[in-house]
Amino acid sequence: MVERKDSIVYRNGEIRIKNTYVMLTKDKIGSGSFGEIYKGYNLKTKDQLAFKLELNSSKTPQLAQEYKVLKAVQGLSKTLYLKNSWIY
């Protein structure tokens, strides 16, 4: 198990974020030129989630813009934007 001071834990093919969200690193939904998408869930509500990852070194970062578009079209949805500065 690897634990980080910013409450991110990697263990057994899962990444747990702030003891609330779980990204399943073995369950990739898809990938493309702008990132990879993985299945996940909320530990407390059991709601299914999708996590999109983008390299910090991306020449044309898209996640922040995609987040803004999703929030605009979904209104008060459950869209969550987690920005991280670590690469694995």
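This report covers strand pairing and salt bridges in a predicted model.

## Pairing of β3 and β4

Strand β3 spans residues 14-17 and strand β4 spans residues 21-32. The two pair in the antiparallel sense, with 4 bridges between them. One of the paired positions is I17, whose bridge partner in β4 is Y21.

β3 and β4 form a hairpin with 3 residues between the strands. Within this hairpin, K18 adopts a positive phi near 50 degrees.

## Pairing of β4 and β5

Strand β4 also pairs with strand β5, which covers residues 35-42. The two strands run antiparallel and are joined by 7 bridges. In this pairing, G30 lies opposite I37 of β5.

## Salt bridges

The count of salt bridges in the model is 3. Side chains of opposite charge can pair when their charged atoms come close.

E14 counts as buried because its relative accessibility is 18%, and the cut-off for buried is under 20%. R16, at 22% relative accessibility, counts as partly exposed.

Another salt bridge links E36 with K28, and their closest N and O atoms are 3.2 Å apart. E36 has a relative accessibility of 29% and therefore counts as partly exposed. K28 is also partly exposed, with a relative accessible area of 44%; the cut-off for exposed is over 50%.

## A link between helix α1 and strand β6

The side chains of E66 and K52 meet in a salt bridge with an N to O distance of 3.0 Å. This pair links distant parts of the chain, as E66 belongs to helix α1 (residues 63-74) and K52 to strand β6 (residues 48-53). The two residues are 14 residues apart.

E66 has a relative accessible area of 28%, so E66 is partly exposed. K52 is likewise partly exposed, with a relative accessible area of 28%.

Methods
Residues numbered from 1 in each chain as written. Predicted model: local features only at pLDDT ≥ 70, side-chain atom pairs only at ≥ 80, totals over all residues. Heavy atoms only, no water. Salt bridge = Lys/Arg side-chain N within 4 Å of Asp/Glu carboxyl O. Buried < 20%, exposed > 50% of the residue type's maximum accessible area, 1.4 Å probe, protein only. Pairing = 2+ DSSP bridges.
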